[in-house]
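Trainee: Please take me closely through one part of this model. I would like the surroundings of the ligand, and then the strands and core that go with them.

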Amino acid sequence: MNTPHLSIHGLHAGYGRARVLFDIDLTIDTGTIACVMGRNGVGKTTLLNTIAGLLTPTAGTITHNGTDITRHPPHTRTRNGLAYAPQGHATFAPLTVADNLHLAHRATRRGGPELIDAALDRFPRLQPLLHRRAGLLSGGQARQLAIARALVTDPTLLILDEPTEGIQPSIVAEIEQAITHIAAQGITVLLVEQYLDLALRLADTVTVIDAGRIVHSGDRADLTDDTAHALMAI
Ligand SMILES: Nc1ncnc2c1ncn2[C@@H]1O[C@H](COP(=O)(O)OP(=O)(O)OP(=O)(O)O)[C@@H](O)[C@H]1O
């Protein structure tokens with residue numbers, strides 16, 4: 001039996017008086033890929049931001065690796081092995097690819113320089129671009145850099161918000177392969193993904209959110225593609 005790596009209980013969150021998430025319960029086992037799905041604006045990014053510590057929940061608890069991190073600031077969560085690649089191009093545009101990786105690596109003080117080599121092995125497309133400014137990368141290259149930046153912090157939990165959004169198919173396939181390898185290394189992956197087919201290929205568990213509440217949560221293996229499509233059409 002797997003050990004729960006991330007446990008969320010009774011989580012409520014929002015922005016001021018705008019309440020967005022209601023009573024979220026979610027448990028993710030070590031080394032599995034959990035996919036959170038739902039239509040635009042249902043609260044997926046809000047959930048990830050709350051887990052990463054960018055937003056303080058109004059109620060509930062978040063436990064990572066056995067530690068209650070609900071009130072921990074984001075940098076403490078990162079030092080304890082949580083890495084977050086947010087939506088969009090989460091890189092420092094004026095810095096080179098190499099400097100982006102070194103900066104992220106130094107910030108956490110977890111592991112040695114071999115982490116940078118390992119991240120580049122995972123995304124070989126970045127290797128010849130090491131001296132290019134991140135702001136000059138294509139959308140797909142920037143997305144790979146954002147995930148590589150998360151990887152060099154030596155995470156035990158990798159959180160990815162729509163890693164394939166707006167990206168050409170060949171790079172989507174590379175990102176899919178990288179996520180599979182990352183989980184096979186024992187890293188737990190929490191993924192928000194709008195592209196249903198990709199999500200269903202990658203996921204061990206699927207959680208569907210609608211209007212800030214979980215409307216489905218379970219093993220991917222127990223979900224037929226038809227049911228998945230029906231859930232996403234809610
Ligand atoms: N900073 C903010 N201040 C106020 N309201 C916000 C803020 N960010 C998001 N919201 C609102 O919270 C709700 C949930 O947004 P969220 O980004 O979490 O949804 P989502 O499911 O990730 O959608 P998408 O797929 O479009 O990213 C939406 O109604 C959104 O307008």
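Mentor: Two residues are in contact if their C-beta atoms, placed from the backbone, lie within 7 Å. By that rule, C35 touches L191, E193, A199, L202, A203 and V206, leaving out residues up to four places away in sequence. This is a predicted model: local features need pLDDT of at least 70, side-chain atom pairs count only at pLDDT 80 or more, and totals for chains, interfaces and linings use all residues. Residues are numbered from 1 along each chain as its sequence is written.

Now the ligand. Its shell consists of Y15, A18, V20, G38, N40, G41, V42, G43, K44, T45 and T46 (C-beta, placed from the backbone, within 6 Å of the molecule). Two elements give two or more residues each: β2 (18–29) and α1 (44–52). Helices (H or I, at least four residues) and strands (E, at least two) are DSSP runs, numbered from the N terminus. The top contributor is α1, with three residues. Sorted by class, the shell has four nonpolar, six polar and one charged residues. Here Ala, Val, Leu, Ile, Met, Phe, Trp, Tyr, Cys and Pro are nonpolar, Asp, Glu, Lys and Arg are charged, and the others, Gly among them, are polar.

Stay with α1. Eight of its nine residues are buried, leaving the helix mostly covered. Buried means 20 or more other C-beta atoms within 10 Å of the residue's own, exposed means 12 or fewer, and partly exposed lies in between, with C-beta atoms placed from the backbone. The buried residues are K44, T46, L47, L48, N49, T50, I51 and A52. Just after the helix, G53 takes a positive phi of about 90 degrees. The helix lies across β1, β2 and β4 (59–64), at about 65 degrees to β2. Axes are lines fitted to C-alpha atoms, for helices over the stretch in contact, and angles run from 0 to 180 degrees between N-to-C directions.

Next, the sheet under discussion. It is open, has four strands in the order β2-β1-β4-β5, and its pairing is antiparallel. β2 and β5 (67–68) are the edge strands, each with a single partner, so one side of each has no neighbour in the sheet. Strands pair if DSSP finds at least two bridges between them. Strand β1 (residues 4–15) runs antiparallel to β2 and is joined to it by eight bridges. One example is G14, whose bridge partner in β2 is R19.

M37 stands opposite V208 in β9. Strand β9 (residues 205–210) has five of its six residues buried, so the rest of the structure largely encloses it. On to β10 (residues 213–219): six bridges pair it with β9 in the antiparallel sense. V206, one of the contacts of C35, stands opposite G218 in β10. β9 and β10 form a hairpin with two residues between them, and A211 in the turn has a positive phi of about 45 degrees.

Finally, the core. The largest nonpolar core has 62 residues, and C35, I159 and V189 touch the most other members. Such a core is a set of buried Ala, Val, Leu, Ile, Met, Phe, Trp, Tyr and Cys residues joined through C-beta atoms within 7 Å. Helix α5 (residues 139–151) supplies the largest share, seven residues.
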